[in-house]
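Q: I would like to learn how to read a protein model feature by feature. Could you walk me through this one?

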Amino acid sequence: MKQVDFVLQKRNLTNLNCELAVKIHAWLMSQVSAEYSKSLHTSDELRPFSLFTRIQQSNIVLRFSLLHESAAPLLEPARSARIINVSGLDGGIAVLDIIEKPAVSLEQLRKPLPKEFRIVIASPASYKHNKQVSNLYSLPPLLYTVAEKLRKFEGVDIPNEEVFELCDLVAYSQYELCTTEYKIELGITRPSFIGELTLRLGGSQEQRDKMALLLRYAAYAGVGAKTALGMGGILLIE
C-alpha cells in the first residue's frame, strides 16, 4: 500500500459540472492505454486504488492511494504531470508539490491499539442499502467494501457477518455528521454525508485487532462506494 499527496493550485471550482475528483479520475484514465483503462471499468467496483480531494485554505490536496501493484500505471503519469487538464478549468490545475509516503505492508497495520480512533470523513461517503443509495450513517456497510478489498488484494478474510458484529461492539464518544450531495456528472448527484466521529473498539483482543485493521486499511481503501471517483476518503487519527 502506498499513498501520494499531490498539492494542487487553488482554483474556483464553481463552474465544474461534477466534483474535481471525478474530473481527475477522467484525466488519469486518459493518460494510460485504452486497454488498461478498460480493465478498470468493469462491473466490479473493487478498484486497486482510491483517491479524493480536500480543499484547504491555500491549496487543494489530492490523495492517491494504491492498494495493489496493478494500480502503478496510474501513478506514473500523475508523478510527471505539472498541469492536470480538466474540462471547465481554463489552463487546467497546476501541481505545486508531490509528497510521497513510504509504502506500508499489511503487517505494519497490525500495531498496538490506541485508546480511541478519530475518523474524519473528508469526502462524502455513501453506500447502497436494498439497492438504494443511502446517506444515513451506518458503520457496517461503510466497511463491507473495505473487507472485500482486504479479501481481494491482501487475502485476509473478515466476512461481512463478522464485520457487523465488530461494529456492534464499537462505542462512540463523539460524532458530528451532516448530509450532503456528491456530483458524479451533470444532472446526477449521490446523496451522502461528511463529518467526524470518535470511537472506541470493544470485544476481545482479537476482535479489537480485526476492527483496527479494517479502519487502518480503510484509510487507504476509502469507505463505502465510488472511492475511485473521490467518495469515502477518510483521515484516521489514532
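Q: Is Cys18 buried or exposed?
A: Happy to start there, and please keep in mind that this is a predicted model. A residue counts as buried under 20% relative accessible area. Cys18 has a relative accessible area of 7%, so it is buried. Cys167 is also counted as buried, at 7% relative accessibility.

Q: How many disulfides does a search of the whole structure find?
A: The test is a pair of cysteine sulfur atoms within 2.5 Å. Searching the whole structure gives 0 disulfides.

Q: How much of α1 is buried?
A: Count the residues under the cut-off: in α1 (residues 20-30), 9 of the 11 are buried, so the helix is largely enclosed by the rest of the structure. The buried set is Leu20, Ala21, Val22, Lys23, Ile24, His25, Trp27, Leu28 and Met29. Notice that Lys23 is one of the buried residues.

Q: How do the axes of α6 and α7 cross?
A: An α-helix has 3.6 residues a turn, so residues three or four places apart point the same way. In this model, the axes of α6 (residues 160-168) and α7 (residues 205-221) come within 10 Å and cross at roughly 105°. The two helices are therefore roughly perpendicular to each other. On the α6 side, the contact is made by Glu162, Val163, Leu166 and Cys167, and on the α7 side by Gln207, Lys210, Met211 and Leu214. By class, this contact has 5 nonpolar, 1 polar and 2 charged residues.

Q: Where is Pro159 found?
A: Pro159 sits in the loop between α5 (139-154) and α6. Pro159 counts as partly exposed, with 30% relative accessibility. Pro159 and Lys210 are 51 residues apart along the chain, and their C-alpha atoms are separated by 11 Å.

Q: Which strands does β6 pair with?
A: β6 (residues 117-125) is mostly covered, as 8 of its 9 residues are buried. β6 pairs with β10 (residues 188-200) in the antiparallel sense over 6 bridges, and with β11 (residues 234-237), also antiparallel, over 4 bridges. Phe117 stands opposite Leu199 in β10, and Ile119 has Leu236 of β11 as its bridge partner.

Q: Is Arg190 buried or exposed?
A: Arg190, which is found in β10, counts as buried at 9% relative accessibility. Leaving out residues up to four places away in sequence, Arg190 touches residues including Ser126, Lys128, Val133, Glu181, Tyr182 and Met231.

Definitions and conventions:
Residues are numbered from 1 along each chain as its sequence is written. This is a predicted model: local features need pLDDT of at least 70, side-chain atom pairs count only at pLDDT 80 or more; totals for chains, interfaces and linings use all residues. Side-chain values use heavy atoms; hydrogens and water are left out. Buried means under 20% relative accessible area, exposed over 50%, partly exposed in between (1.4 Å probe, protein chains only). Axes are lines fitted to C-alpha atoms, for helices over the stretch in contact, and angles run from 0 to 180 degrees between N-to-C directions. Angles under 35 degrees count as roughly parallel, over 145 as roughly antiparallel, 65 to 115 as roughly perpendicular and the rest as oblique. Contact means heavy atoms within 4.5 Å. Ala, Val, Leu, Ile, Met, Phe, Trp, Tyr, Cys and Pro count as nonpolar, Asp, Glu, Lys and Arg as charged, and the others, Gly among them, as polar. Two strands pair if DSSP finds at least two bridges between them.
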